[in-house]
Amino acid sequence: MTTIAVLGAGKIGEALLSGLLSGGRSPDELLFTERYEGRAAELTKQYGVRAVDVPTAAVEAEVLVVAVKPQDIDPVLAELAPVVSDRNLVVSLCAGLPTSLYERKLPDSIPVVRVMPNTPMLVGQAMSVISAGKHAKQQHLELVEELLSTVGEVIRVPEAQQDAVTALSGSGPAYFFYLVEAMIDAGILLGIPRNVAEKLIIQSAVGAATMLAETGTHPVILREAVTSPAGTTIMAIRELERHGVRAALLAAIEAARDRSQELGKAHEG
Ligand SMILES: NC(=O)C1=CN([C@@H]2O[C@H](COP(=O)(O)OP(=O)(O)OC[C@H]3O[C@@H](n4cnc5c(N)ncnc54)[C@H](OP(=O)(O)O)[C@@H]3O)[C@@H](O)[C@H]2O)C=CC1
Ligand SMILES: O=C(O)[C@@H]1CCC=N1
């Protein structure tokens, strides 16, 4: 049994706890740390998972998953440094933070794996992207893959690609939620009741995502199949192009990548 401690059980930390439990892991194999007692008590009540302090986490858990905001990392590393040992594997979910930061601040030879997950982890549909730090070996990557494959898909990339990955799949669900929100608003504009507009758009999103995932057909081909000559779809596509939606997406994702790089630079030693 591998015990996992989540350090900072906020949105993504809670999604991980919840996803691991739904994936069949027992609450006894999970621990977490939280800043406020009220939040800790709430999570224990909901999931049956024990809240501990960092020294206890380092002794009882082999895998320490750091899930605090990048801006909150310094006190966590200061708490971890005196208690972590080479029986621990440190897994960072923090946007922008390089494995070299952990390697610099923690004792020598602690293995670190950087992961960029996303919130669909809550429903077992995460995209988690992992990269090895200097001391992380094949067995560490395999352990992280085994853990995260219970809550979605996992792939490996070189760490140099992690800022781009953060902008694509880490933040990605937010772009889809934004699009769905805007399309529901369009339904309201056209006089459709909100509950009906929500049903139409959410089922269209689920259907489109399922076609992409299950058929393996390129999105251009799928879109062309919806776009009839002189029909309705091409009128909408012309407006999307006229308003620069494609260029806006390219610029938006580039801005997210730049912010991830900036978060890392703020912690350069
Ligand atoms: N949300 C997302 O979709 C994704 C987030 N990430 C990464 O995951 C990390 C967490 O993000 P997110 O979950 O959104 O943020 P949250 O703020 O929701 O979660 C962080 C949690 O850690 C707690 N915390 C802060 N400092 C400490 C500490 N010293 N000890 C224990 N707990 C602490 C916070 O408490 P308090 O609220 O009191 O500050 C909060 O509950 C970030 O680094 C982010 O880049 C990665 C992929 C996706
Ligand atoms: O917005 C953020 O910074 C985090 C990282 C990826 C998704 N959410």
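Before the sheet, one term: two strands pair if DSSP finds at least two bridges between them. With that in hand, take strand 1, residues 4-7, and strand 2, residues 30-33. Four bridges join them, and the two run parallel. One more thing before we go on: this is a predicted model.

Stay on that pair for a moment. V6 stands opposite F32 in strand 2. L7 has T33 of strand 2 as its bridge partner. Now look at where the side chains go. I4 and V6 point one way from strand 1. A5 and L7 point the other way. Are these four buried or exposed? All of them are buried.

Next, the domains. The assignment gives domain 1 as 4-161 and domain 2 as 172-261. Their centres, taken over C-alpha atoms, are 33 Å apart. The contact between them takes five residues from domain 1 and four residues from domain 2. On the domain 1 side, the touching residues are two nonpolar and three polar, with no charged ones.

There is a record to set beside this. UniProt, in an unreviewed entry, places the feature "domain: Pyrroline-5-carboxylate reductase catalytic N-terminal" at residues 3-96. Over residues 3-96 the chain is 40% helix and 19% strand. The end C-alpha atoms of that stretch are 26 Å apart.

The unreviewed UniProt entry puts a "binding site" at A67, V68, K69 and P70. Let's take two of these in turn. K69 is in the loop between strand 4, residues 63-66, and helix 4, residues 73-80. Why does K69 count as exposed? Because K69 has 11 other C-beta atoms within 10 Å, and the cut-off for exposed is 12 or fewer.

P70 lies in that loop too, between strand 4 and helix 4. P70 has 19 C-beta neighbours inside 10 Å, so P70 counts as partly exposed. Buried would take 20 or more. What does P70 touch, leaving aside its neighbours within four places in sequence? The contacts are C94, A95, G96, L97 and L263.

Hold on to C94 and A95, and turn to ligand 1. How many residues surround ligand 1? The shell has 25, and the closest are G8, G10, K11, C94 and A95. Helix 1, residues 11-22, and helix 4 each supply at least two residues of that shell. Helix 1 gives the most, with three residues. By class, the shell of ligand 1 has 13 nonpolar, seven polar and five charged residues.

Last stop, ligand 2. The residues around ligand 2 are A95, T166, G170 and S171. How do they divide by class? One is nonpolar, three are polar, and none is charged.

A95 is in contact with P70.

Note on methods
Residues numbered from 1 in each chain as written. Chains lettered and ligands numbered in written order. Predicted model: local features only at pLDDT ≥ 70, side-chain atom pairs only at ≥ 80, totals over all residues. Near = placed C-beta within 6 Å. Nonpolar A, V, L, I, M, F, W, Y, C, P; charged D, E, K, R; others polar. UniProt positions renumbered as here; feature names shortened; annotations may be inferred. Contact = placed C-beta atoms within 7 Å. Domains from an automatic or database assignment.
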